[in-house]
Amino acid sequence: MKTISNRILAFFLALSLCLTLPALPVCADTAWPECAGIQADGGILIDADSNAVLYEKNADVPYYPASITKILTALIIIENCDLDEMVTFSDNAINNVESNSSNMGAMVGDVLSVRDCLYGLMLASANEAGNALAEHCSGSIEAFAELMNQKARELGCTGSHFANPSGLNNPDHYVTARDMAAIMRAAIANPVFVEIDGARYWKHAPIKHYPDPDDPHNTVYAHHAMLKKNDSRYYSGTFAGKTGYTSLAGNTLVTSAKKNGITLIAVILNGHQTHYQDTKTLFDYGFRNFKSIKISEYDHSYSSMENDMTFSGLAVSPAPSLAMDENCSITLPQSADFNDVVAVLGYDMDPLAPAGALARISYTYGGRNVGFAYLKLKDPQIMGRQQETAVQELYPRNAVTIPEPTTRALEEPSLDASAEGQAIEERAIKAPDGGLSLDENGGDSHAIRIPSSLWIMLGLAVALLTILTAFVLIRMWKQRKEEQQRYLFNERRKKRLRDIGFSQNEFELLMERNKRRRRHR
């Protein structure tokens with residue numbers, strides 16, 4: 001059996017090696033397809049699957065959004081309310097709108113289901129439906145606006161702020177094209193949203209104005225022209241989107257389309273009556289010049305580990321079997337090859353990370369982010385049992401007792417702890433090399449010796465950890481907002497690691513070892 005000092009030395013040598021590894025070389029700039037551009041003041045085109053930005057113009061400049069705001073409103077309502085719940089239209093919901101703004105004809109006291117209100121919100125762009133849904137969900141429009149801003153932060157939005165559920169003009173209500181694309185990406189990941197938003201029409205329950213169930217006024221129709229096959233602006237593959245317009249916002253438009261295995265999202269802000277043409281220009285550019293590649297079909301670098309992998313002297317056999325999330329992809333120009341891509345391993349999870357994700361690999365092409373993949377254990381239950389077996393082999397139960405780290409043990413120390421400590425101290429004798437050991441009467445057949453050289457190593461380790469801690473604290477201070485948004489996701493990942501018997505440091509060492517192997521192939 002290896003000594004404790006050897007295991008500790010091996011661990012810190014491995015840690016030092018990981019910290020001093022040279023950065024991966026960055027490939028030379030690679031030509032990116034040219035885009036004719038848009039006439040609107042701001043816009044962006046992204047691949048919804050990889051989140052790669054294919055084109056952008058003033059993507060981080062805030063603009064008034066108008067009714068594309070309702071994409072976020074609908075997503076929040078779908079996530080927080082049952083579609084069969086009944087919504088009562090209050091006086092505030094009906095009258096707290098701009099005159100002549102879009103509506104579905106509801107009156108004070110009307111009662112419709114959440115489902116009916118959502119169709120009115122997304123197809124007819126009904127502002128009173130947005131107000132009624134906000135009050136139903138949060139009690140007031142102001143409280144719902146807080147929920148909107150919270151959800152936006154969770155989705156990674158950094159340049160937007162919301163003050164109402166409909167997008168009516170307000171100095172504190174603005175979005176960026178990049179944030180709006182992130183919101184739409186989350187929305188189309190929800191099948192209920194896609195079903196509602198992609199409908200051409202919807203017949204809702206009768207309202208006071210039109211009590212006859214068959215009255216045509218009780219049917220709402222989609223406003224988005226690119227969804228309508230009988231419209232000259234129809235675009236094949238379009239399946240979701242939202243229009244918007246106010247005198248201050250100009251024309252705004254968010255559209256999703258899928259073709260040739262690629263799902264694109266186009267955002268147009270402050271358009272000048274060319275919003276549909278701008279969107280068509282972006283879609284034509286994206287579908288013509290790019291391709292989507294499933295990462296799991298090309299990158300197998302992290303799918304298995306060699307059996308001789310150890311963590312601080314603890315052998316893991318067989319090695320953990322990892323798998324790429326099959327839903328992850330990257331977006332490349334049609335002429336590009338997967339071998340031109342550079343991969344970087346990280347551990348921060350984003351809001352759309354799947355359950356069981358342990359790490360995130362980001363891919364760049366010519367310096368551009370073109371996608372990412374999540375690493376997951378193929379069988380966490382098996383790995384947990386293998387890890388437990390390895391621990392038992394290294395630390396037999398009759399040699400060293402490994403206490404279970406329970407909260408109760410920390411909060412309620414044994415009443416005999418001091419007495420036991422005194423007894424152990426009385427049995428302790430000086431070891432010849434200056435360390436401490438237990439005598440034969442100590443009840444432990446395996447003497448534990450701590451040589452003086454180990455104290456030096458521990459001192460260096462403490463100094464190293466102190467420097468690392470200071471660096472981490474500075475970094476945390478600079479990135480507090482981002483870390484607060486990712487906190488819950490990272491905690492879930494850490495819990496998964498604990499469940500399978502790994503600490504975060506152990507898993508990172510495993511990934512670094514594999515990264516070095518991949519680099520030298």
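Reply: Phe338 and Tyr363 are both buried, where buried means under 20% relative accessible area, exposed means over 50%, and partly exposed covers what is in between, with a 1.4 Å probe and protein chains only. This is a predicted model, in which local features need pLDDT of at least 70 and side-chain atom pairs count only at pLDDT 80 or more, whereas totals for chains, interfaces and linings use all residues. Residues are numbered from 1 along each chain as its sequence is written, and side-chain values use heavy atoms, with hydrogens and water left out.

A search of the whole structure gives eleven aromatic pairs, counted when ring centres of Phe, Tyr or Trp (its six-membered ring) lie within 6.5 Å, with planes under 30 degrees apart called stacked, over 60 edge-to-face and the rest tilted. One of the tilted pairs is Tyr201 with Tyr221, at 6.2 Å centre to centre and 40 degrees between the planes. Tyr201 belongs to strand 5 (residues 201-203) and Tyr221 to strand 6 (residues 219-221), so this pair ties together parts 20 residues apart in sequence; helices (H or I, at least four residues) and strands (E, at least two) are DSSP runs numbered from the N terminus. Tyr201 counts as exposed because its relative accessibility is 55%.

The pair of Phe338 and Tyr363 is also tilted, with 6.1 Å between centres and 50 degrees between planes. Phe338 sits in the loop between strand 14 (329-333) and strand 15 (342-346), while Tyr363 is in strand 16 (residues 357-365), so that the pair links distant parts of the chain, 25 residues apart. Elsewhere, ring pairs join Trp32, Tyr285, Phe290 and Tyr365 into a cluster. The charged end of Arg360 sits over the ring of Phe372, 4.0 Å from its centre, the criterion being NZ of Lys or CZ of Arg within 6 Å of the ring centre and within 35 degrees of the ring normal.

Strand 14 also holds Ser329, which counts as buried because its relative accessibility is 1%. Leaving aside neighbours within four places in sequence, Ser329 is in contact (heavy atoms within 4.5 Å) with residues including Asp49, Ser50, Ile293, Val370 and Phe372. Ser329 and Asn51 are 278 residues apart in sequence, yet their C-alpha atoms are 9.1 Å apart in space.

The largest nonpolar core has 62 residues, and Ile71, Leu118, Met184, Phe193 and Val267 have the most contacts inside it; such a core is a set of buried Ala, Val, Leu, Ile, Met, Phe, Trp, Tyr and Cys residues joined through side-chain atoms within 4.5 Å. Helix 7 gives the most to this core, with eight residues. Apart from it lies another core, of 47 residues, including Leu332, Ala343 and Ala359.

Turning to the sheet, five strands form an open arrangement in the order 2-1-9-8-7 with antiparallel pairing, two strands being paired if DSSP finds at least two bridges between them. Strand 2 (53-57) and strand 7 (238-246) are at the edges with a single partner strand each, so one side of each has no neighbour in the sheet. The twist averages 5 degrees from one strand to the next. Helix 7 (residues 177-188) packs on this sheet and makes about 140 degrees with the direction of strand 9 (262-271), where axes are lines fitted to C-alpha atoms, for helices over the stretch in contact, and angles run from 0 to 180 degrees between N-to-C directions.
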